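Here's a quick briefing to read with the viewer open.

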Amino acid sequence: MKAVFFYWSFIAADTERVLDDLARWTNIDTLLICQREGSEEAGMMLPDAGALGGLPVPIAPAAFERTMAVIELARTKGFAVAGHVNPLYGCPKTLRHLNCRSLAPAQPPADNDVIWACPHHPEAVSYGQAVTRALIEAWPVDLMEINHVEYPMYGDSLGGYANCFCDHCYARAAAQGIDLGAIERLLTTLLGQLNRGALADRWLDELTGSPLLAQWLAFRTGSVTQYVETIVAAARAAAATHRPNLKIGLDPFLPSALQLVGIDLAALHPLFDWLAPKFPDYLTGWMIPNIADWIAGPGNDSTAQRQALRDLLDLGPQPPQYEPMKIAMEEMLYCNTADPSTIDRQMPYLSHLREKTAMYPWLWLYDRDLELLRRKVQTLERHGFDGYCLWLWPEDMTGSALQEARGIF
Ligand SMILES: [Zn+2]
């Protein structure tokens, strides 16, 4: 599988042109189409709300019809199509009451915050099951990838990672004999000390050396595993009836960081037909610099904190100079923080699974740096991968941009 994320803008317009250019200039054979059109305000691409069990989820029947026509057209041109499903991340605003409770930012979430549902919330489980089931019933595809089934990652501070502390999490923790209140108090104290600079150079030891925080990470991992098992069971049951050839894949985060977001690949991989681990430039080019800056405090040099976080995640040495992005893309700050050696360093975290499951890692293209993407693709090939998932930007999918990419992907 050589897949690309297919923007709603290309479903709404310019479809045939981009399909023909992908076929002519690239090796892309699979399109990944999201469950929702465009923005998070937009509706779910379903024909009606019948399969959603009364959940307050907006639907977009016209967008659904358009997407079905695009899937048909793509197939006639030889592409496979996968539904790209986010059951926890980016929930509609009507489900904001499902949002994880972080120690920061303040609750309830602001209007522009992404809604990232708590895997313990019973309604989040119902939503995840209903959406995957509804898509399997309605979309004529043989592939479905499940993305962002993990605890939230917010890029602006460490407090945004400290979740979830909602009533449902408290109840589940208590049932397992875990004192979530003690964990919340410890994290609040540590984050407060960090914020005041009171932990100095000890911050990483304090965070990684705490048995209580290790217990908390294990609790979260068990929660996500249980949530994913429930969602995939519903998906497999729906597929048995409606889509017997359906294959289901999982998009886990950077392999060395999985424990921090609640993912246990050893437990989850048997549920899936393939895995698409991420090698996300935005981790080193946005999240780590932001978090390190927050730890160092306003106006202070954060070089040591950036390197400590990179060391924690086996990301190798940071660049001597951080180069700003030339093209503004989402929240990315720097363009020179990730190179193919990141892939090499992450391989030991995947080696125990390589024989057991198909893998098509995620790669990103930023700043139109096709040479860097070429080296990443070659690195994957050197490690024996025969496919990948690509995140390109709309400007990377114009006719001339795709022609320029000839021979790279
Ligand atoms: Zn919760």
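Where α2 meets α3, the α2 side brings Thr-15, Glu-16 and Leu-19, and the α3 side brings Val-70, Leu-73 and Ala-74. Sorted by class, that contact comes to four nonpolar residues, one polar and one charged. Bear in mind that this is a predicted model.

**The α2/α3 pair**

- Helix α2 covers residues 15-25 and helix α3 covers residues 61-76; their axes come within 11 Å and cross at roughly 30°.
- That angle makes α2 roughly parallel to α3, because anything under 35 degrees falls in that class.
- As for handedness, α2 and α3 make a right-handed crossing.

**The buried side of α2**

- Four residues of α2 are buried: Val-18, Leu-19, Asp-21 and Leu-22.
- They span an arc of only 165° around the axis, so they sit on the same side of α2.
- What do the buried residues of α2 pack against? Their partners are α1 (8-12), α3 and α16 (399-404).

**The α4/α8 pair**

- Helix α4 (residues 122-138) and helix α8 (residues 211-242) have axes that come within 9 Å and cross at roughly 25°.
- With that crossing angle, α4 and α8 are therefore roughly parallel to each other.
- The α4/α8 crossing is right-handed.
- On the α4 side, the contact uses Val-125, Gly-128, Gln-129, Thr-132, Arg-133, Ile-136 and Glu-137.
- Facing them from α8 are Tyr-227, Thr-230, Ile-231, Ala-234, Ala-235, Ala-238, Ala-239 and His-242.

**Trp-286**

- You'll find Trp-286 in helix α11, which runs over residues 281-296.
- Is Trp-286 buried or exposed? Trp-286 has 21 C-beta neighbours inside 10 Å, so it counts as buried, because the cut-off is 20 or more.
- Trp-286 and Lys-247 are 39 residues apart along the chain, and 33 Å separates their C-alpha atoms.

**Backbone details to check**

- Which two residues does a cis peptide bond join? They are Asn-163 and Cys-164, and omega there is about 10°.
- Cys-164 sits in the loop between β6 (143-147) and α5 (167-175).
- Asp-314 isn't a glycine, yet its phi is positive, at about 55°.
- The loop that holds Asp-314 lies between α12 (303-312) and α13 (340-346).
- Asp-314 has 15 C-beta neighbours inside 10 Å, so it counts as partly exposed.
- Arg-368 also has a positive phi of about 55° without being a glycine.
- Look for Arg-368 in the loop between β10 (362-364) and α15 (370-382).
- With 19 C-beta neighbours inside 10 Å, Arg-368 counts as partly exposed, because a buried residue needs 20 or more.

Note on methods. Residues numbered from 1 in each chain as written. Predicted model: local features only at pLDDT ≥ 70, side-chain atom pairs only at ≥ 80, totals over all residues. Axes fitted to C-alpha atoms, helices over the stretch in contact; angles between N-to-C directions. Helix = DSSP H or I, 4+ residues; strand = E, 2+ residues; numbered from the N terminus. Parallel < 35°, antiparallel > 145°, perpendicular 65-115°, else oblique. Left-handed = near helix turned anticlockwise from the far one by under 90°. Contact = placed C-beta atoms within 7 Å. Nonpolar A, V, L, I, M, F, W, Y, C, P; charged D, E, K, R; others polar. Buried ≥ 20, exposed ≤ 12 C-beta atoms within 10 Å, placed from the backbone. Arc of directions from axis to C-beta.
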